[in-house]
Amino acid sequence: MSTVKLDYVREYEIAIQKEWAEKKVFEMDANDDTVETKDKYMATFPYPYMNGRLHIGHVFTITKAEFMCQYQRLKGKRVLFPFAFHCTGMPIKVCADKLKKEMELYGNPPVFPDPSTVEENKPAAAAVKEDPLQFKAKKTKALAKGGGMSYQWKIMQSLGISDEEIPKFADSAYWLNYFPPHCENDLKQLGVGVDWRRSFITTDVNQYYDSFVRWQFETLKDLGKVKYGKRYSIWSTIDDQQCADHERAQGEGVAPQNYTLIKLQVIDPVPEVLKPIADSGKKIYLVPGTLRPETMYGQTNCWILPEGKYGAFEMANGDVFVCTERSVRNMAYQQLTHAKGQYKTLATFKGADILGAALKAPLAVNPVVYVLPMLSIDENKGTGVVTSVPSDSPDDYASLQDLKLKAPLRAKFGIKDEWVLPFEVIPIIDIPGYSNTSAVKAYTDLNIKSQNDRVLLDQAKDITYTKGFNEGIMMVGEYAGKKVSDVKKTIKDELIKNGEAVEYSEPAGKVVSRSGDECVVALSDQWYINYGEDDMEWKNKTLNVLSQLETFGPETKKKFEYSLGWLNQWACSRSFGLGTKLPWDEKFLIESLSDSTIYMAFYTIAHHLQGDVNGTKPGISNIKPEQLNRAVWDFILLDKPYPENCSIPKEKLEVLKKEFNYWYPVDLRVSGIDLVQNHLSFFLYTHAAIFNDKQQPQAIRANGFVNLNGEKMSKSTGNFLTLYDSIKQYSSDGTRIALADAGDGIDDANFVNKTAESALLKIHTQNLWIKEALDNIDQYVQGKPDRIQDIVFDSEMNRIIAGAEQAYENTQFREALHLVFFDLQNVRDQYKTATLDQMNKSLILKFIEIQALLIFPIAPHFAQHIWTMLGKGSILDARFPVAGPIDYEALRKNQYIHNTIYNFRMKLQLYNKLKLKGKPPGTKVVPDASTIFISKSYPKWQYETLTYLQSIYDEKTKSFTKDNNAISEDLKKNEDIKPQFKHVMGFVASLLQDVKTQGKEAIQTTTSFDEAELLNQNLDYICKTLEIPTFDVKEYTPEAAAAAGGKTNVVPVPGKPTYNVV
């Protein structure tokens, strides 16, 4: 395959990158602007982990920051985009140790056992989606990076590392020096506008960064945010110690999931299987786990799995809990049973044996509730017992409705009517503007039919849980009138204090230690950051930061609200791996999510402190790491007094303080949506704790995962693409365009190889066209561009400029790409056709110039190459174009003509198909007569519908103020519409779609121009395009249509003619 086009593009890309590097165009320092007048922009991306080369998944997120930074440069901002390399934590150390062990066992190079005779470690289980909006990775980081390969040696080979070099990676320090330079070089090849002077690696290898992290934690501890005490952690029962990620054969990244166990007391008549226990005087409780203790007022029953295996287990205080053995095994490590790791079993039975048991439920309005069957209970999640609150849980409502409406189902399980039928939904939480029985509304709105509608029930759960927590108001109990988010913890604490509930935790997914046991959650002593409800002042301050944060979409903000609502204390110490030691307890390391929350502040001064990424030599200010004590950091970052007896001159520190105050706050943080639940929430929390109001993050732009050619990326299947390989195959800008086209929003995106290849070809073609146009520029039409075709083209360009600016501002880069790369060239081609190649010189020059400026954020090399052809120097000195006047009337006429050509062509194709039937290939058919029928008015019922829709149209939102149900009810009342009502809502539906693209224009009752006149003015152009001799334009009447011959069942309406061909 020829690489001529690729070579052509890569040649100028490399030359442009070299020029940028030589001129240091992306290196930016603070200037003398005051805080009030500074025009700066700082964007950051979570530093990638250095145990491999960057792949398309990394770069998809990186480019969200990169595109925005390049856009802001065109808007005249002084832009800082720094980048660093993450090495903290377990993975590098684990991989190095694993490699060392493989060489010990199998030699160097290793000869591994035949996989057909040896069962390798199985991949980690997918994490469970525990709660709405709280998502965990679908596969662990270790598995994702390893692509399903068990042997570390093979993983290193898959990264393109030779067998001769692989042994060096048995030393974890080698990783720190190998991958960062590759990462930097790959991003430079992509043309990313990073200030590389500020780059660093994490861990105590870089003593400057290590000093910064130590300061961060000392500050948090003094603020009372870091504490020591009993915390839930994943525990190996064989090793009898915490099982950190590196010690797991399965379940890396799985964390504890905390529940409140509600104690539902078994009352008379006691089921036979429990009678001996009750007769001994012990209290028996079914203990469902809940994440929503505030909803217990609305309990109507309790669910169990009829075929599930349950037991009655004695607790330390003498109570007896009915639950699964798996859950009591966790309880035995949480100080709930008589002895650690031990539990006493008093009875075992199936769920069916206790159906119909009467229960006394804490807080419940109903004095007695009953045990009923639910077939969807997962015995490997929670206790196997589920309490039922159908007012606010769609699953509960669906299951209760099934039992109420299906007598055969009740009979199957021996359920008496009195256990089910009398129990109605109890309104307990009002969601203003939504419902006081949210589960019922969601169930109805989504048209759910039964408890088997799993996908719809999950959607309903997302809606009700999120709204309930964020917007809900308690309607019953002591806290009626209070917000759910304000009293949730209080209700939980009171239930526990009153002996009606206990705290419980279990792994959110299956975890298996390297010793082979399935791990539990244990209550153990450790250092933790006190996120959550135990520090409401801090939580509220963080929520206030969120309220002022730009998230570029309501979905991301909702996920933040949910995360901050549920986030609780986080263990921040580890005993193994790479990183910074806890300053006050150096036997512990700070774990990798906790030391990466405010390092963006370190970027602002990194180049002054360090002279290389490892911090092995001083930077611009010639400061040594040991000179950076806490008081120095306080002076630089917290504006505290210059420290006494400081060994660093004040003038030097003033420069660092100036850099920090100039660049902070972070204007944009980009990241994957999966990090909202931890890293990004920690990011907000820690900023809120340490920095002042003016230094809080301004915006977070989250995105979903990225697929490759519609499939998950995987080294084991070969569906994997590194950044290096993508540039090698598709060029820098070809890769960047495919990344922009991959998608926006928080859903999974899709990088398509064919898109990258097509982009490369299109770039090459466009370069040639621009060169030819400039070489022959004086052959174009001179003078004022005042023809209708000129006006349309100029208006289209101005429309695209305005649309692109809006898209870039909203970080909708796919939309921007389609406007500036595809649509812009399409309107150029339409202009060329409409003018019969007689294009205006000034407009062609404008087109070439705005093509460069508009595409620059996404394809900067292509843009700079065009700019150079124009003889304009560096495009970095240019500014984003300002949209000129847009002649919307001309655009409407132009669109009308294009629609006419398209629809007429469809009609002609059908005509030709019929006429050519049985004719030899190559036969041409020309219609004897063609007629375009127009109409100046709508039928009465359509006219009335349009008039009504105009009355409820909201110009600001470009939508209607009423929903479909309300619209239908209103239109039913119109006597002119009633006879045709069966057609009305279909008509409305089509208009709703048109309104999304055309706005109010879609619901006008007449056109703003004379259709017949416009069609006759463009008759030659339409005929030439469609290759027909001529056509007639007539106003529609049934008689005129019959006289014209042909057949059509469609009647024209204003703006939508019909076509007749004979």
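**Salt bridges, a buried lysine and a pocket**

Student: How many residues apart are Arg799 and Glu796 in helix H25?
Tutor: Both residues sit in helix H25 (residues 788–809). Helices (H or I, at least four residues) and strands (E, at least two) are DSSP runs, numbered from the N terminus. The spacing is about one turn of the helix, or 3 residues.

Student: What kind of model is this, and where does residue numbering start?
Tutor: It is a predicted model: local features need pLDDT of at least 70 and side-chain atom pairs pLDDT 80 or more, while totals for chains, interfaces and linings use all residues. Side-chain values use heavy atoms, with hydrogens and water left out, and along each chain, as its sequence is written, residues are numbered from 1.

Student: How many residues apart are Arg53 and Asp186?
Tutor: The whole structure has 60 salt bridges, and one of them joins Arg53 and Asp186 at 3.1 Å, N to O. Arg53 lies in the loop between strand E1 (40–44) and helix H2 (56–74), and Asp186 in helix H6 (residues 172–190). Both are buried: Arg53 at 19%, Asp186 at 1%. This pair links distant parts of the chain, with a separation of 133 residues.

Student: Which Asp makes a polar contact with the side chain of Lys225?
Tutor: Lys225 lies in the loop between helix H7 (207–222) and strand E3 (226–236). Its relative accessible area is 11%, so it counts as buried. A polar contact is a pair of N or O atoms within 3.5 Å; within protein, one must be able to donate a hydrogen and the other to accept it, and residues adjacent in sequence count only if both atoms are side-chain atoms. At 2.8 Å, the partner is Asp535.

Student: Which Trp is in contact with Lys225?
Tutor: Contact means heavy atoms within 4.5 Å. Neighbours within four places in sequence are left aside. The list then includes Leu220, Tyr528, Ala689 and Trp538.

Student: Why does the Arg892–Glu1001 pair tie together separate parts, and how far apart are they in sequence?
Tutor: The closest N and O atoms of this salt bridge are 3.7 Å apart. Arg892 lies in helix H29 (residues 888–915) and Glu1001 in the loop between helix H32 (981–998) and helix H33 (1011–1017), so the tied parts are separated in sequence by 109 residues.

Student: Which element gives the largest share of the lining of the second largest pocket?
Tutor: On a 1 Å grid over the protein atoms alone, a pocket is an open set of points with protein on both sides within 12 Å along at least five of seven lines, and lining residues have an atom within 4 Å of a point. Here 47 residues line it, and Glu1001 is among those nearest its centre. Elements giving two or more residues are H25, H29, H32 and strand E33 (1058–1061). The largest share, 9 residues, comes from H29.

Notes: Buried < 20%, exposed > 50% of the residue type's maximum accessible area, 1.4 Å probe, protein only. Salt bridge = Lys/Arg side-chain N within 4 Å of Asp/Glu carboxyl O. 1 Å grid on protein atoms, 1.4 Å probe; cavity = no way out; pocket = protein on both sides within 12 Å on 5 of 7 lines; lining within 4 Å.
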